[in-house]
Amino acid sequence: MAMYTSHPVSALPTAPPRETTGHLLLRAWCVFVLFLALGGVGVINAVGPTVAGVVVVASALVSAVVWTVVRPPVAVRRLPFLAFGYVAWAGLSILWSAWPAASVLTWLLLAVTTFQGLFVGAVLTWRDVVGAVASAAKWVVGLSLLFELAVSIFVQGPILPGFVRPEGRMDPIVYWSRDNLFDGGRIQGIFGNANLLGAAMLLAIIVFAIRYAARAPRRSLLWGWIAIAAFLLVRAGSATTVVAAAFVVLVLATVLVMRTARRPGERTRWYVLYALVGVGGGAALWFGRDSVFGALGRDADLTGREGIWADVLARADQHPFIGWGFSMPWISSEPLIDGWIVDHGQTVVQAHSMWLDAYFQLGGVGVVLLALVFLAYVWRSWFFAIDRPRWDLRADRPYSPLTLLPTLVGALLVVQGLTESTPLLLWGWMLVVLFGSKIKQSPLLGVGPAEQSIAIERGEPQRSGT
C-alpha cells in the first residue's frame, strides 16, 4: 500500500553533523591542558618537579602555536583585566622579593596557568568547555582509584613520590599513598594529599551532574563516574570539602529558586533570606567549630592551621603594603622558608588560606586585587546562572544546566580558599580565568562571534538568529 506525506524531503531524519578532525584534535588537546591543571600535583609526584615543569612549559608553547593557527575571535576589551592586574602585581613583586628566584619560578607557573585558561576559553564553545572539564575530571578520578588499587594490591604498603618504596617507617605526611584503600583510612589519590583529592572529587561530581542534566551523550555512564568520585570524596575525609559541598548545595538551591522569580522585586526577598541564612550559618560554623569539626574528626584549630595563620600574619605585618614577594607555593629550600613553620617534621609551603597568602606575599595591594578578581568572577557567574538567556525580544527561552558550572565552581573555591591556598594554583586559578573570560567573551550559550565560529569549525549547521 502506497503511503504519502506532505513533509518536505528536508524533514526526513538525517545523520548528525560530524565534527572535523581538526576540532576533535583541538578538544583533545584542551582536555590534556585541563588535566595538567587538575592533576598537576599528581604529575609532579610521578615524574618530579623538573620533568613536570618541562611538560608545563612545552604545553604552553604548543597552545600558543595552536592559538595562532586557529585564530579564534577575541574581544580585547572583554578580557579579564582584573586577573591580569593581579598577575602583573605578582610579577612586579620580583623587584623587592625576599626570594627572587622562587618568585620568578612560581610567577612563570602563574603566567602559564593564566594563559592556558584564556586559551581553552577562546578556542572552545561553552558546551565543549564543560565537556573538556568533565573529560579531564574523568582522568583524574580514574587514575586516583587505579593508583590506590595498584598500591594496595601490588605494593601492599605505603609509597613515596617517584614510585619509591620507603625504607623503614616514616611520617605518613610524606607518603604519596598510605595504602589505606582497604583498611578504612584516608586516601590521597594521585595528589598525595587528601584535601586536594576531596576538592577535585567535588569538582568532578559538580561537572558530571551538570553534564547529566544537560543530556550529554552516554549520560547513563555519568552515574558510575559520580559514584566513584563520591566514594573517593568520602574516603578522602576532608572537612573543608564537606563544608564546601554544603555551600555548593546551598548556592545551587538559591540559583534554582532565583530562576523561578516572575515579578520585579521577588528576587530581593530571596536575597535577604539567603543572606541571613549564609551569615547565620557562617557564624554558627565559627562559634560552634568545636562541635562541627569534632563531628568531622578534626581539631577545632583546623588541624593546626590557627598556629600557621598566627606565624604567617606576624611576618606579613612587617611588610603590610607590598608583601615579601610572590611565591605560590613557597619554595622550601629558600632560607627564609626552610624550617620557618614545621608540621610533622616537614616545612610548610603555604599559609593554608589564599587571603593570608596574598597578604603575606603581595601585601594589602595584592589582597585588594585578589578580592576584585573573585568579586568580579562571582558577580558575573551568578547572573550568568540566574538570568534567562535573551538576545532579542523573546523572553521565554529555557535555562541551560551548563550555566551552573561557573557559579558552583566559584562556591567551591571561595570556601576552599578560607583554609587552603590552592585556589591560587593550577586548576583553581585556571578555572577562575577560564570561566571569567568566557563569560565576558560569550555571555550567552551559542551566541557571539567566538561561539559561532567554533560551531562552524565543528561542522554544525548554522541557523539565523541563534
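Buried means under 20% relative accessible area, with exposed over 50% and partly exposed in between, using a 1.4 Å probe on protein chains only. Hold on to that for T106.

This is a predicted model: local features need pLDDT of at least 70, side-chain atom pairs count only at pLDDT 80 or more, and totals for chains, interfaces and linings use all residues. Residues are numbered from 1 along each chain as its sequence is written, and side-chain values use heavy atoms, without hydrogens and water.

So, buried or exposed: which is T106? T106 is buried, because its relative accessibility is 4%. T106 sits in helix α5, residues 100-123. Helices here are DSSP runs of H or I, at least four residues, numbered from the N terminus. What does T106 touch, beyond its neighbours within four places in sequence? F326, S327, M328, P329 and I331. Contact means heavy atoms within 4.5 Å. A polar atom of the T106 side chain also lies 2.7 Å from the backbone oxygen of A102.

Next, cavities. A cavity is a set of points on a 1 Å grid, over the protein atoms alone, where a 1.4 Å probe fits but cannot get out; lining residues have an atom within 4 Å of a point. The whole structure has four cavities of 30 Å³ or more. Twelve residues line the largest cavity, and V74, L118, G121, A122 and Q441 are closest to its centre. Helices α5 and α15 (426-441) each supply at least two of the lining residues.

The second largest cavity is about 60 Å³. Here α15 gives the most to the lining, three residues.

Note on methods
A polar contact is a pair of N or O atoms within 3.5 Å; within protein, one must be able to donate a hydrogen and the other to accept it, and residues adjacent in sequence count only if both atoms are side-chain atoms. On a 1 Å grid over the protein atoms alone, a cavity is a set of points where a 1.4 Å probe fits but cannot get out, and a pocket is an open set with protein on both sides within 12 Å along at least five of seven lines; lining residues have an atom within 4 Å of a point. Grid points are joined across faces, edges and corners, and a volume is the space filled by probe spheres set on the points.
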